Amino acid sequence: MPERFSSHRLRTGRYCEQNRIYLLTANTLDREPVFKDYRLGRLVVHQLRKAQEEGIAESLAWVVMPYHFHWLIQLQKGSLGQLMCEAKSLSTRSINNATGRTGSLWQQSFHDHALRKEEDLVKLARYVVANPLRAGLVEKLGDYPLWDAVWVWPLISVMPKSSHHRQSTVGAGLLAKVSDQSTSMLNAPTPS
């Protein structure tokens, strides 16, 4: 029987580089659906936004599901391990304080996938934000409160300017390239 590799041994060869785009996924311990309570999911969202504000990672798209999150980022500084360790530990502390629970919230490891070519970016962002639809949590994406994507904000023209909380700096021509597809991103059939 082949030897099974431990997650820490798989991470030994993990390589990350600044300005590369990654899809990161983290699961709660025992896949406990902690974030069915959207208030607790907002505490995770706060940590994702904090990483952006601190210039560690540019958030391109994210979704917090009941027992995991997907986070499409462009790494700005540090390592993926440092980024995920901080996001997971700070969100654990916030959630434990809010609920009175103790101990670990997240599985020890996380999954990362480095994006290989820009053409996959919109498809991957659709996959990320469409998770609640595929899981049957909502019938329309707009009904799910725990997701965001940089391509959506330029479309919101009815909101006051103060509500437009960021502009992406991702790849010089990347947003221009996909901005024409922004409307179709939300209306496209759910990816399988």
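Guide: A crossing of two helices is called right-handed if the near helix is turned clockwise from the far one by less than a right angle, and left-handed if anticlockwise. The model is predicted, with pLDDT of at least 70 needed for local features and 80 or more for side-chain atom pairs, while totals for chains, interfaces and linings use all residues. Residues are numbered from 1 along each chain as its sequence is written, and side-chain values use heavy atoms, without hydrogens or water.

The crossing of helix 2 and helix 3 is right-handed; helices here are DSSP runs of H or I with at least four residues, numbered from the N terminus.

On the side of helix 2, the contact (heavy atoms within 4.5 Å) involves L40, L43, V44, Q47, K50 and A51. Facing them in helix 3 are L83, A87, L90, S91, S94, I95, A98 and T99. By class, this contact of helix 2 with helix 3 has nine nonpolar, four polar and one charged residues (Asp, Glu, Lys and Arg are charged; Ala, Val, Leu, Ile, Met, Phe, Trp, Tyr, Cys and Pro nonpolar; the others, Gly among them, polar).

The whole structure holds one cavity of 30 Å³ or more (points on a 1 Å grid where a 1.4 Å probe fits but cannot get out, with lining atoms within 4 Å of a point). Q47, K50, A51, L83, A87 and L90 are among its lining residues, as are E54, I56 and E86. Helix 3 gives the largest share of this lining, four residues.

Conventions:
Helix = DSSP H or I, 4+ residues; strand = E, 2+ residues; numbered from the N terminus. 1 Å grid on protein atoms, 1.4 Å probe; cavity = no way out; pocket = protein on both sides within 12 Å on 5 of 7 lines; lining within 4 Å. Points joined across faces, edges and corners; volume = space filled by probe spheres on them.
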